[in-house]
Amino acid sequence: MYNNSLIELDRAHLIHPVASYRGHEQQGVRVLSSAKGATVTDASGHQLVDGFAGLWCVNAGYGHESIVEAAARQMRELPYATAYFGLGSEPAIRLASELADRAPGDLKHIYFTLGGSDAVDSTIRFIRYYWIAKGQPQRDQFISIEQGYHGSSTVGAGLTALPNFHAGFGIPFDWQHKIPSPYPYRNPVGEDAKSIIEASLAALRAKVESIGPDRVAAFYAEPIQGSGGVIVPPKGWIKAMRDLCRELDILFVADEVITGFGRTGPLFACTDDGIVPDFMTTAKGLTSGYVPMGAVFMADHVYR
Ligand SMILES: Cc1ncc(COP(=O)(O)O)c(C=O)c1O
């Protein structure tokens with residue numbers, strides 16, 4: 001009875017992203033009511049292994065008392081503190097410092113966001129501002145990769161290259177460009193790592209040439225393309241792309257929203273190829289999925 005009324009309330013009022021409205025109304029919601037470790041339990045008592053870890057985010061698993069306690073303590077002490085207008089709070093300052101200590105190279109400046117999409121959007125604003133401050137306002141074109149995912153906000157979803165996120169939404173914008181994915185399966189150049197890397201380098205060069213060499217602001221890449229199909233580029237690919245961006249004077253953004261915080265082995269996946277990006281976006285896993293939150297890491301040479 002309780003469960004049925006929740007299903008009706010859901011049908012009537014709750015909008016579900018990445019779901020067909022009519023299909024969802026017909027099927028009805030599956031209510032999740034509790035979780036422990038890697039298992040979630042629904043309102044009918046069915047236990048499910050949460051292979052997705054929330055939405056790629058509950059990397060510490062459910063039910064860690066130490067995390068619950070820390071959140072409850074903070075709620076009592078100071079539940080909200082803005083960083084606007086020069087204000088700050090101890091947890092935000094300490095977390096920024098801990099993250100900077102663990103980040104590769106000179107990624108020493110941290111901007112906290114509401115999640116991954118907000119982090120990606122923020123980089124676009126930072127980057128536009130950076131080029132304007134450097135006296136190159138014409139650098140307003142952005143390049144990302146087919147099958148890439150960079151979030152679901154209007155601007156970030158235009159860097160995303162999945163058709164469902166574009167059709168009917170009026171995106172991508174005309175300043176958002178794509179090059180082919182380094183997808184090894186059925187790649188026209190074959191599966192060989194060297195050929196795939198060379199093809200990506202040639203594609204980026206050609207794209208920059210066609211847009212205008214002094215027009216491109218930044219290039220976005222996921223170290224592993226997640227939502228596009230968990231596509232692992234060949235070893236050395238990300239380093240080669242990073243080096244080319246440096247040569248072409250284009251900022252390199254590593255979108256580590258689902259690869260950061262240890263999920264591929266190292267704390268940040270881009271360090272596997274030994275690179276230091278100009279910006280790094282992170283989110284899921286930052287608070288072990290318990291609080292939705294993200295962060296932009298900005299390199300010191302950009303900040304200055
Ligand atoms: C690479 C990447 N960037 C950005 C996002 C957006 O993050 P969020 O869902 O927290 O807005 C995601 C989400 O999965 C992602 O995989």
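The model is predicted. Helix H5 spans residues 90-102. His24 sits in helix H2.

**Ligand site**

- The residues around the ligand are Trp56, Gly115, Gly116, Ser117, Tyr149, His150, Gly151, Glu222, Asp255, Val257, Ile258 and Lys284.
- Ser117 places a polar side-chain atom 2.6 Å from an oxygen atom of the ligand.
- Gly116 uses its backbone: a polar atom there is 2.8 Å from an oxygen atom of the ligand.
- Asp255 faces a nitrogen atom of the ligand, with a polar side-chain atom 2.8 Å away.

**Helix H5**

- H5 has 13 residues. From first C-alpha to last it reaches 18 Å, close to the 18 Å expected at 1.5 Å a residue.
- Its buried residues are Ala96, Leu99 and Ala100.
- Seen down the axis of H5, these buried residues fall within an arc of 100°, so they line one face of the helix.
- That buried set packs against two strands, S4 (109-113) and S10 (294-298).
- Glu90, Arg94 and Asp101 are exposed, on the face of H5 turned away from its buried side.

**His24**

- Helix H2, which holds His24, covers residues 21-27.
- His24 has a relative accessible area of 17%. Buried means under 20%, so His24 counts as buried.
- Leaving aside residues up to four places away in sequence, His24 touches Asp10, His16 and Val29.

How values were computed: Residues numbered from 1 in each chain as written. Predicted model: local features only at pLDDT ≥ 70, side-chain atom pairs only at ≥ 80, totals over all residues. Heavy atoms only, no water. Helix = DSSP H or I, 4+ residues; strand = E, 2+ residues; numbered from the N terminus. Expected span 1.5 Å × (residues − 1). Buried < 20%, exposed > 50% of the residue type's maximum accessible area, 1.4 Å probe, protein only. Arc of directions from axis to C-beta. Contact = heavy atoms within 4.5 Å. Near = heavy atom within 4 Å. Polar contact = N/O pair within 3.5 Å; in protein donor to acceptor, adjacent residues only side chain to side chain.
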